[in-house]
Amino acid sequence: MCYSALMEELWDIARVATYLGVTERTVYNKVRSGALPAVKVGRLWRVRESDLDAWLGSSASGGASIAAEPGSIPTRRALEAILEPVVDQLERRLVFVGMLTAGVEALGWPAPVVVGGHAVEFYTAGSYATVDIDLAGESEPVGQVLDAWGFEREGRHWYDEELGLLVEVPGSALGPQEKQHAVAVRIGSMTAYIIGLEDLVIDRLAACAHWKHRESCEWAVRLLRTADGLDSAYLSQRATEEQVVEELERALREAGMG
């Protein structure tokens, strides 16, 4: 066994991108396509320094390309201008998400989807109070846009005191069916995507059943009372997958739907 190989330093994607002078998205695309050798440590990609050097040597001889991929995002000034007249906090957050989505899509990435408390706030027309915006999707492009806008970062959270906005981007992705049931909300010329009501109800019931957060069951009932045209088959499927069938049946009865 070669112990020197085991001790070789592993670079994260951000460090590789800085070293190459390209965006993190460019590096991710090279890694995911197999063009740039990398290893997974848990859920994160890492690049060996020796593999990067070898790849760059191939690039010098015409075997690899490190060109950054084009993309433009809305400016901080444009963000401030569109948010300035918006007083209602729910609408303000949706406008912000719409601008953020425009930036992420301009970079060629799939749109992030609002989940968690902000999604509950949307479906209950502001009855649920929350201070942050939880997003599901790739964290790299969201971080790139927020960084360009001057947001500060602490772990998974990005915040801007001047704008009064707090964003959490854990990097979790929605499944194909969750994406299919997501709702597109038009705000002027922009679009924000919100997790589907069925998945949000199941999320609240799971928090209640598995984390013993009783208030989440109450919000699941309130969400069901706002429902119009629920996909009952999908709701039942998701309840089975998350092992909250009894909780769903109880919530449906309390919402007057069972």
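What follows is a chat about a predicted model of a single chain.

Biologist: Hi! Before we zoom in, what helices and strands does the chain have, in numbers?

Modeller: Hi! Keep in mind that this is a predicted model. The chain has 13 helices and ten strands. Its C-alpha trace spans about 70 × 50 × 30 Å along the principal axes.

Biologist: And how much of the chain is buried?

Modeller: Buried residues account for 43% of the 258 residues.

Biologist: What about contacts, how many join residues at least 24 apart?

Modeller: If you take the contacts between residues at least 6 apart in sequence, 62% of them join residues at least 24 apart.

Biologist: Okay, let's pick a helix. Which residues of α5 are buried?

Modeller: Helix α5 covers residues 76-83, and R76, L79 and L83 are buried there. Looking down the axis of α5, the buried residues fall within an arc of 60 degrees, so they line one face of the helix.

Biologist: Why would residues a few places apart point the same way?

Modeller: That comes from helix geometry: an α-helix has 3.6 residues a turn, so residues three or four places apart point the same way.

Biologist: Nice. Which exposed residues sit on the face turned away from the buried side of α5?

Modeller: R77 and A81 are the exposed residues carried by that face.

Biologist: And what covers the buried residues of α5?

Modeller: The cover includes helix α6 (89-106) along with strands β7 (157-160) and β8 (165-168).

Biologist: Is E162 buried or exposed?

Modeller: E162 is exposed, at 62% relative accessible area. R76, on the other hand, has 18% relative accessibility and counts as buried, because the cut-off for buried is under 20%.

Biologist: How many salt bridges are there in the whole structure?

Modeller: A search of the whole structure turns up twelve. One of the pairs is E9 with R15, where the closest N and O atoms are 2.4 Å apart. E9 is partly exposed at 40% relative accessible area, and R15 is partly exposed at 37%.

Biologist: Which residues are linked in a network of salt bridges?

Modeller: That network links E178, D199, R238, E241 and E242.

Biologist: Next one: what does R204 form a salt bridge with?

Modeller: Its partner is D203, with the closest N and O atoms 2.8 Å apart. D203 is partly exposed, with a relative accessible area of 30%, while R204 is buried, with 11%.

Biologist: Where is R204, and what does it touch?

Modeller: R204 lies in helix α10, residues 197-211. Setting aside residues up to four places away in sequence, R204 touches G116, G117, V120, Y128, S216, C217, W219, A220 and L223.

Biologist: Now a charged residue without a partner. Which side chain of opposite charge is nearest to D132?

Modeller: That is R93, at 7.2 Å. D132 is buried yet has no salt bridge, because a salt bridge needs a side-chain nitrogen of Lys or Arg within 4 Å of a carboxyl oxygen of Asp or Glu.

Biologist: So what polar contact does the D132 side chain make?

Modeller: The D132 side chain makes a polar contact with the side chain of T130, at 3.1 Å.

Biologist: Where is D132, and what else is it in contact with?

Modeller: D132 is in the loop between α7 (116-123) and β5 (133-136). Apart from neighbours within four places in sequence, D132 is in contact with H118, L166 and E168.

Biologist: Last topic, strands. In which sense do β1 and β3 pair?

Modeller: Strand β1 (residues 10-12) and strand β3 (residues 44-48) pair in the antiparallel sense over three bridges. L10 has R48 in β3 as its bridge partner.

Biologist: And how many bridges join β2 to β3?

Modeller: Three bridges join β2 (residues 39-41) to β3, and the two run antiparallel. Here K40 has W45 as its bridge partner in β3.

Biologist: What do β2 and β3 form, and which residue in the turn has a positive phi?

Modeller: They form a hairpin with two residues between the strands, and G42 in the turn has a positive phi of about 70 degrees.

Methods:
Residues numbered from 1 in each chain as written. Predicted model: local features only at pLDDT ≥ 70, side-chain atom pairs only at ≥ 80, totals over all residues. Heavy atoms only, no water. Buried < 20%, exposed > 50% of the residue type's maximum accessible area, 1.4 Å probe, protein only. Helix = DSSP H or I, 4+ residues; strand = E, 2+ residues; numbered from the N terminus. Arc of directions from axis to C-beta. Contact = heavy atoms within 4.5 Å. Pairing = 2+ DSSP bridges. Lys, Arg positive; Asp, Glu negative; His and termini not counted. Polar contact = N/O pair within 3.5 Å; in protein donor to acceptor, adjacent residues only side chain to side chain.
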